[in-house]
Structures are given as structure tokens and as C-alpha cells.
Protein chains: 2
Amino acid sequence: MPENNAAADKPLRADARRNRDALAEVAAAVFAERGIDASLEEIARRAGVGIGTLYRHFPTREHLVEVVYRREVEGLCTAADELAQKHPSDVALEMWMQRFVDYIATKRGLSTSLRILITTNSTLFSDTSGKVSQALRQLVDAAVADGTIRGDVDASDVLHALSGIYSAPDTSEWRDRSRRLVSLLMDGLRFGAPKAARP
Amino acid sequence: MPENNAAADKPLRADARRNRDALAEVAAAVFAERGIDASLEEIARRAGVGIGTLYRHFPTREHLVEVVYRREVEGLCTAADELAQKHPSDVALEMWMQRFVDYIATKRGLSTSLRILITTNSTLFSDTSGKVSQALRQLVDAAVADGTIRGDVDASDVLHALSGIYSAPDTSEWRDRSRRLVSLLMDGLRFGAPKAARP
DNA sequence: CACATAAGCGGAGGTGCCTCCGTTTATTAC
DNA sequence: GTAATAAACGGAGGCACCTCCGCTTATGTG
């Protein structure tokens with residue numbers, strides 16, 4: 001079956017689809033630069049649409065935030081595929097984790113509102129965290145399979161190791177610290193692997 | 001020692017105290033009638049002060065809500081004393097529980113925002129719930145002591161029995177249902193008490 | 001192509017938020 | 001009582017929210 005929400009999902013008209021996408025894309029940028037309380041009118045303005053159009057597509061701020069969030073997670077997961085194709089699998093894994101750090105970075109500061117949104121809307125959390133760990137699993141498994149990282153770890157171990165990134169305090173050094181955590185982790189993962197790159 | 005917050009608590013000027021009280025009182029009414037998102041400008045207007053004055057006393061909506069909430073709890077607890085003096089102790093207990101129902105009634109619908117406020121500000125919760133159960137304990141103990149309700153229960157039992165009031169769904173019948181719960185509970189408490197009123 | 005029409009657009013307008021600062025007033029000192 | 005002054009007042013102004021509805025445009029049909 002193609003889809004079947006209560007009374008929805010008919011294909012949008014071309015202009016509507018265009019505007020909707022433009023809004024989501026601009027919103028991502030504006031939220032990143034001004035925080036989650038950014039002016040919706042600014043978003044509409046920058047996207048080149050009227051404020052009415054914004055509200056038609058996204059009746060509340062939360063709707064917009066949710067869509068932006070889902071798109072970003074989507075992008076993160078797509079990146080896993082692309083990296084996997086263009087790079088040796090251990091390098092792909094490392095690059096992806098660095099990108100993951102960048103991604104988390106933009107989410108800091110949005111904390112309160114985003115947390116409320118996520119606790120309010122539980123499918124949002126399960127959907128997205130499921131996708132992320134699936135993307136990670138794919139990268140880790142590939143790297144283990146071709147011997148560029150050691151064989152006695154799996155995706156859950158790596159995810160667990162990354163969890164320090166969430167919990168670390170919100171200082172100016174956070175980003176650097178997190179990048180170092182990722183390289184450190186990679187060194188550990190390469191250690192003793194059959195085909196690990198030797199620096 | 002009288003008080004000693006970091007750098008505060010000097011006695012307010014007479015007009016300031018007046019305005020502050022008026023605002024809190026009006027706010028209680030307006031929140032009750034329009035919900036927690038009521039217009040702050042309306043509150044200022046009805047209290048007969050400028051909007052600037054409202055914001056000086058209560059820099060954010062949450063500040064105002066918190067103060068209103070604390071006052072209401074205060075009132076509920078004061079009522080316990082008054083009822084205890086004017087009525088036989090079992091009657092006082094019953095009347096107080098009915099008033100408790102009214103109090104909870106005004107809080108329904110405010111749920112989300114109030115819940116956020118309470119989880120954000122944990123002393124608010126411990127302060128108020130402590131006071132409420134203390135008031136209830138006083139009433140129950142008195143009624144047990146003079147034999148108008150049975151002796152094998154204590155305040156915690158009663159509080160536990162009342163907890164159904166919170167959890168019940170938010171229907172139109174809620175209030176009636178809750179009132180009946182209270183009478184039912186009172187019948188049970190009077191049953192077999194040495195000096196219970198016999199209908 | 002031309003037309004009909006449903007889908008979508010946009011922005012004016014009314015309301016609320018919050019800040020800032022010139023004016024008013026309670027209080028203290030004399 | 002009067003004067004000095006710190007405290008408090010109030011509302012204009014600027015910005016954001018969100019709705020409503022007259023106008024525009026994409027799309028299907030002949």
C-alpha cells in the first residue's frame with residue numbers, strides 16, 4: 001500500500017511543494033544561526049514567501065521544528081551511504097562520526113525546547129534514533145568486514161562510546177573536545193585490525 | 001533571622017506592595033477564566049496598572065504563574081485552619097476536601113505549561129505538596145482524635161484515596177464525579193467511628 | 001490552446017510581547 | 001512642613017504572532 005493517513009497525502013501542487021521545501025531549508029539555516037526562537041517572519045521572508053504560506057504548511061512552530069529535525073537526521077543518514085561509497089570504510093566511519101559531532105553541535109542550546117518536543121512526540125524520537133543507529137551500524141559492519149577496524153566491536157559499542165558527546169558540558173571547547181574523542185576512538189578501533197592503516 | 005536572600009527582600013514601597021498584590025489577585029482570576037495563556041496586558045489593565053509595572057514585578061509569565069500558584073496553595077492551607085475552627089472536625093475535613101476538588105479543577109487544562117513549570121522548578125513542587133499534606137494531616141488527626149472518623153486511618157491513607165482525583169480523565173462529569181468520590185470517602189471514614197454523625 | 005476550478009498564495013491588520021525612559025510619588029532627612 | 005532622592009509607575013513603540021480572505025496560478029479537461 002502506498003500510504004494511507006486519515007485524509008491526507010495527495011500529491012502537492014508543484015508550487016506548494018517548492019515553497020514547502022524552501023521553507024524547511026531556510027528554517028534549518030535560521031534556526032541554526034538564531035536559535036529555536038528565531039522569527040518565523042524572517043524565515044518566510046528569506047524563503048521568499050508570505051507569512052501566510054509558512055503558516056499554511058506549518059501551523060505551529062513545533063511543526064516546523066519537527067520537519068527540520070527530521071530532514072537533518074535524514075541528511076545525516078544519507079551521508080553515511082555517500083561516504084561509504086567514496087572512501088575506505090574506516091575513513092568513511094571516521095568522517096561520519098565527525099559529521100555527527102557537527103550535527104549535535106547545532107542542537108546544543110536548542111536543548112529545552114527540543115527536549116520538550118521530543119518528549120511530547122515520542123515517535124519522533126524512536127524514528128530518528130532508529131535511523132541514526134542503523135546508519136552507524138552499516139558503517140561499522142562494513143569496516144569490520146573488510147578488516148580496517150578490529151572485529152571485536154559492534155555498532156552499539158561505538159554508539160556507547162559516542163554518548164560522551166551528548167553529556168559533556170556546554171563549554172566553548174566542546175567541539176574540539178568532541179572531535180578529539182572521535183579520533184581517539186578511531187585509533188582504538190584501528191588498533192590491531194588486520195588491514196588497519198598505519199600512520 | 002528575619003530573611004536573607006542574596007540581595008533582596010527589602011520592604012517594598014507601599015504603592016509597590018499594593019500593585020504587586022493586585023496583580024497577583026487579578027492574575028489568579030484571569031488565568032482561571034482564560035487559561036494560562038491569557039493576555040498579560042489584560043491582567044495589567046484589569047489590575048489598573050501599566051504593563052510596565054506588571055513586567056517589573058513579574059519579569060516572565062512563569063514568575064507570575066508561580067506566584068499565583070503559591071498563593072492558591074496558601075489559601076487552601078489557610079482554609080484548613082478556618083474550617084477547623086468553625087465546624088465539627090469531620091465536617092471540616094469534608095468541606096476542605098470539597099474545596100480541594102475545586103482547586104484541582106482550576107488546574108486542569110493548564111496541565112502542560114504547569115507541568116513544565118513544576119518539573120523545571122522542583123522546590124515549587126516540594127514546597128506546595130508539603131504544605132497541602134500538612135494541612136490535610138491536621139484535619140484528619142483532629143477528626144480521629146475526637147472520634148468523628150474512625151481511628152485506623154491516617155492522612156496518607158486519605159491522600160492516597162484522593163489521588164484518583166488527579167488521574168481521572170478530563171470529562172465534563174469530572175467535577176461531579178470527584179465530589180461524589182469525596183462524599184463516599186467520608187462515609188467510609190465515618191463508618192464505625194465512636195462519635196460519627198448518624199444520618 | 002483555452003477554460004474552469006480547486007489549490008495555493010500573501011500580506012494587511014489586530015493583538016500580544018517586552019523594553020525603555022521620562023514622569024510621578026513615597027520616604028527620609030532636616 | 002519642605003526638600004532631596006531613590007523607588008516605582010506607565011505607556012508608547014517596535015517587533016512578532018497568527019488569521020482571514022481576496023487574488024493568483026497550476027493542472028486537468030475538451
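Tutor: Happy to! Let us begin with a term: an angle between axes counts as roughly parallel under 35 degrees, as roughly antiparallel over 145, as roughly perpendicular from 65 to 115, and as oblique otherwise. Please keep in mind that this is a predicted model.

Now look at chain A, where helix α7 (residues 122-145) packs on helix α8 (residues 155-167) at an angle of about 120 degrees. Their axes are 9 Å apart. With that angle, α7(A) and α8(A) are therefore oblique to each other. The crossing of α7(A) and α8(A) is right-handed. On the α7(A) side, the residues in contact are A:Ser133, A:Leu136, A:Arg137 and A:Val140, and they meet A:Ala155, A:Val158 and A:Leu159 of α8(A). By class, this contact has 5 nonpolar residues, 1 polar and 1 charged.

For a second pairing, turn to chain B. There, the axes of helix α4 (residues 61-86) and helix α5 (residues 89-107) come within 9 Å and cross at roughly 160 degrees. α4(B) and α5(B) are therefore roughly antiparallel to each other. The crossing of these two helices is right-handed. From α4(B), the contact includes B:Leu76, B:Ala80 and B:Leu83, while α5(B) brings residues including B:Met95, B:Trp96 and B:Phe100. This contact has 10 nonpolar, 1 polar and 2 charged residues.

The largest share, 4 residues, comes from α3(A). By class, the surface near DNA strand C has 8 nonpolar, 6 polar and 8 charged residues.

One residue of helix α3 of chain A deserves a visit, and that is A:Thr53. Leaving aside residues up to four places away in sequence, A:Thr53 touches A:Asn19 and A:Ala44. A:Thr53 is partly exposed, because it has 18 other C-beta atoms within 10 Å. Finally, A:Thr53 and A:Asp154 are 101 residues apart in sequence and 46 Å apart in space, C-alpha to C-alpha.

Definitions and conventions: Residues numbered from 1 in each chain as written. Chains lettered and ligands numbered in written order. Predicted model: local features only at pLDDT ≥ 70, side-chain atom pairs only at ≥ 80, totals over all residues. Axes fitted to C-alpha atoms, helices over the stretch in contact; angles between N-to-C directions. Left-handed = near helix turned anticlockwise from the far one by under 90°. Contact = placed C-beta atoms within 7 Å. Nonpolar A, V, L, I, M, F, W, Y, C, P; charged D, E, K, R; others polar. Buried ≥ 20, exposed ≤ 12 C-beta atoms within 10 Å, placed from the backbone.
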